[in-house]
Amino acid sequence: MTIISLPGGSSEYLGGGSGYDGGRKITYFSNSYVLGLTLVAGFGGLLFGYDTGVISGAILYIRDEFEAVDQSSFLQETIVSMALVGAIIGAAAGGWINDTYGRKRATLLADVIFIIGSLGMAAAPDPYVLIFGRFLVGLGIGTASVTAPMYIAEASPSEIRGGLVSTNVLMITGGQFLSYLVNLAFTEVPGTWRWMLGVSAVPAVMQFVLMLFLPESPRWLYMKKSKAEAIVVLSKIYDPFRLEEEIDQLASTLEEERLRKNAVSYWDVIIVKEVRLAFLAGAGLQAFQQFTGINTVMYYSPTIVQMAGFNSNRLALLLSLIVALMNAIGTVLGIYLIDMYGRRKLALSSLSGVIVSLVLISVAFIMGSSGSTQGYYGWIAVFGLALYIAFFAPGMGPVPWTVNSEIYSQSYRGICGGLSATVNWVSNLIVAQTFLSIADAVGTGPTFLILAAIAVVAFVFVMVYIPETKGLSFEEVENIWKERARSSNSNKEPLLEHGR
Ligand code: BGC
């Protein structure tokens, strides 16, 4: 199989999986087995989206019920952010669980922890049980955030891998939209929050049951358990010609694994050059996804709308619902584009739009704060928010998750995917916890300008460092890092040249 590099860092894939499966073009809908598996795995994304979104509405009713919570902003913040803390730990441990026990058992475990957590929250007699329930739910979400993309990627033909992994992101954004609908629909009936939080046990139970009928990831099976079982699964995904090709590639990966002298460890992420280079790409993308401000928009859009001078609560909530809907629709566009134009083009065009929108929002806030035309600038800020989502959703939403599911070698996919998902969750927590205080300290306009500056750095990072992985097999992607490590060692070619 041949990979040629093109100027600007992209690689074109010639031969091998050319998009045809025994003469039949492989499309997103062409294999119902893989699509079904993707949707079941994607319940993990649904839980991720729903639970991170619903708490902003539920907390209002929790305050009504527990006086201690109402009187302490510390308790309120702890209830909200405990799920993120759990997710950080769940993602870090989830990678290892995935490598050691497989993707299927990792998913089942995440479901069990999640179900206990959400039922615990629904029945919580006091705020402390509620906080513990949020922590468990976070552990489940964090583990699922590593597992679902990896499980989907390993079962996907390379031509449609991006779209299928991005389907999990659609489940995240769909789950967020659903949670905002729930937040808006429920009125202040005491006890309502118990339903709001407890109901997410239902998709977790559904996923647990459906997963029992799905196979372990064929790649994990081949490397860790049974070649025969792996081949049975692979034969449901590929036609005989492609099947043989896939098995050949897996056989050589297994051989390399055997030749490795030391066992895989977390330290290798720092010590082994090609692992480190890949991890920097994956973790960098995850950090930039969060530091370009998506969750300030998701969590604070009503507040931002009010900061822009609109005082109606209803309008603010309605606008946040529209933002969530646009985000979900934009993800569908991403599913369509990611395997057509590739990860780099999508991320770069997404970031360009994000930079323009952030500058627009910033200017609207800065100009609006100093004059009689505040209403006019308020509308510009709201328009900027909409533009931001329209550009972010198809690109910087799905690309980091997709790239992380495909850039690591078989032996490090769990560890590195888990660590970089941890980077995503830690960055999420930092941004969510600091946005309002930074806005208080330096002003809302300058805060958005800071996000815009980060987005410029992100653009340069993608431009020079992220390789194009569209259509490549896992083995071909692995070779990119080996090549980079080799060329930077021999100093013949500067590492960052052409993003390859
Ligand atoms: C991110 C989440 C974010 C969501 C919204 C996901 O890709 O990881 O943190 O809330 O997108 O679009």
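How far is an oxygen atom of the ligand from an N or O atom in the side chain of Gln-289? The separation is 2.9 Å. This is a predicted model. In it, the ligand sits in the largest cavity. The protein buries 99% of the 310 Å² that the ligand exposes when taken alone.

- The backbone takes part through Gly-397, where a polar atom lies 3.4 Å from a ligand oxygen.

**The shell around the ligand**
- By class, nine residues of the shell are polar and three are nonpolar.
- No charged residue belongs to the shell.
- Asparagines in the shell include Asn-295, Asn-327, Asn-424 and Asn-428.
- Gln-176, Gln-289 and Gln-290 are among the surrounding residues, and so is Thr-173.
- Phe-48, Ile-294 and Trp-401 also surround the ligand, and by class they count as nonpolar.

**Helices that supply the shell**
- At least two shell residues come from each of α7 (161–185), α14 (273–291), α15 (294–307) and α20 (413–442).

**Salt bridges**
- The model has 13 salt bridges, counted with a cut-off of 4 Å.
- One of them joins the side chains of Arg-194 and Glu-65, at 2.9 Å from N to O.
- Arg-194 lies in helix α8 (residues 192–198) and Glu-65 in helix α2 (residues 43–65), so this pair ties together parts 129 residues apart in sequence.

Definitions and conventions. Residues numbered from 1 in each chain as written. Predicted model: local features only at pLDDT ≥ 70, side-chain atom pairs only at ≥ 80, totals over all residues. Heavy atoms only, no water. Near = heavy atom within 4 Å. Polar contact = N/O pair within 3.5 Å; in protein donor to acceptor, adjacent residues only side chain to side chain. Areas by Shrake-Rupley, 256 points an atom, 1.4 Å probe, with all protein chains shown as cover. 1 Å grid on protein atoms, 1.4 Å probe; cavity = no way out; pocket = protein on both sides within 12 Å on 5 of 7 lines; lining within 4 Å. Sits in = over half its atoms within 2 Å of the grid points. Helix = DSSP H or I, 4+ residues; strand = E, 2+ residues; numbered from the N terminus.
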